[in-house]
Amino acid sequence: MKLNLQIRNQSKRNINFRMPYKNKEEQREYHRQYRINNAEHIKQWRIDNAEKIAETNKQYKIDNAEYVKQYRQDHKEKIAEYNKQYRQTAQGRKVNRIGGWKHAGLVDSQKDNYESLYNHYINTAQCEHCNVELTEGKYNTSTTKVLDHSHITGEFRNILCLACNIRRKEDNF
């Protein structure tokens with residue numbers, strides 16, 4: 001089966017053509033190649049239409065609440081495995097870290113500040129108070145890297161080792 005579609009080329013003219021696939025595998029391969037060849041265009045479209053996409057997704061979840069709930073129940077293990085793998089990626093670690101900061105009460109006065117704060121956090125190798133080399137890992141030690149912030153105002157103060165962060169909390173300096 002061949003489909004007629006209209007696409008837009010770089011000059012925004014409409015072009016008619018016939019897709020050359022006969023089965024689902026050929027169709028899947030065609031779309032995969034399209035996504036590869038047009039990755040930058042697709043990425044820019046998603047950025048330009050982020051609000052529209054978010055609203056569409058929100059409306060879908062409202063309109064299909066029962067289906068979404070049932071799907072999550074039926075695929076609980078698959079979703080958990082996907083989330084576990086996502087958290088292992090650089091983007092997943094970033095989202096998880098920023099989410100933890102927000103949960104802990106860090107307030108962002110500027111919308112893009114979390115991005116620059118995360119970059120500062122990642123690129124900091126030494127405590128900004130005692131200059132000890134910072135470590136990261138599953139277990140907390142006295143040299144574990146932490147983001148210090150005011151628990152009253154929520155404002156970021158420094159990237160510190162855990163020991164300095166605890167002293168700051170006790171000394172309230």
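How many of the 173 residues of this chain count as buried, as a percentage? The figure is 18%. Keep in mind that this is a predicted model, so everything I quote is computed from predicted coordinates.

Let me start with the chain as a whole. It has eight helices and four strands. Reading from the N terminus, the order is β-β-α-α-α-α-α-α-α-β-β-α. The accessible surface comes to about 14,200 Å², and carbon and sulfur atoms account for 50% of that. On contacts: if we take those between residues at least 6 apart in sequence, 27% join residues at least 24 apart.

Next, the helices. Helix α1 covers residues 24–37, which is 14 residues. From first C-alpha to last it reaches 20 Å, close to the 20 Å expected at 1.5 Å a residue. At its N-terminal end there is a cap, and the capping residue is N23. A side-chain oxygen of N23 lies 3.1 Å from the backbone nitrogen of E25.

Further along is helix α4, residues 65–74, and Y67 sits in it. Y67 also belongs to a nonpolar surface patch, together with Y60 and Y71. The area of that patch is about 320 Å².

Is K145 buried or exposed? The relative accessible area of K145 is 7%, and the cut-off for buried is under 20%, so K145 counts as buried. As for what surrounds K145, leave out residues up to four places away in sequence. K145 then touches Y121, I122, T124, L134, T135, E136, I159 and L160.

That brings me to strand β4, residues 156–161, and to N158, which is found there. Which side chains make polar contacts with the side chain of N158? One is E128, with a polar contact of 3.2 Å between the two side chains. Another is R168, where the side-chain contact is 2.9 Å. Setting aside neighbours within four places in sequence, N158 is in contact with E128, V146, L147, D148 and R168.

Notes. Residues are numbered from 1 along each chain as its sequence is written. This is a predicted model: local features need pLDDT of at least 70, side-chain atom pairs count only at pLDDT 80 or more; totals for chains, interfaces and linings use all residues. Side-chain values use heavy atoms; hydrogens and water are left out. Buried means under 20% relative accessible area, exposed over 50%, partly exposed in between (1.4 Å probe, protein chains only). Contact means heavy atoms within 4.5 Å. Patches are made of residues with over 30% relative accessible area and no salt bridge: like charges are joined within 9 Å, nonpolar side chains (Val, Leu, Ile, Met, Phe, Trp, Tyr) within 5 Å. Accessible areas come from the Shrake-Rupley method with a 1.4 Å probe; for residues, only the protein chains shown count as cover. A salt bridge is a side-chain nitrogen of Lys or Arg within 4 Å of a carboxyl oxygen of Asp or Glu. Helices (H or I, at least four residues) and strands (E, at least two) are DSSP runs, numbered from the N terminus. The expected span of a helix is 1.5 Å times one less than its number of residues. A polar contact is a pair of N or O atoms within 3.5 Å; within protein, one must be able to donate a hydrogen and the other to accept it, and residues adjacent in sequence count only if both atoms are side-chain atoms.
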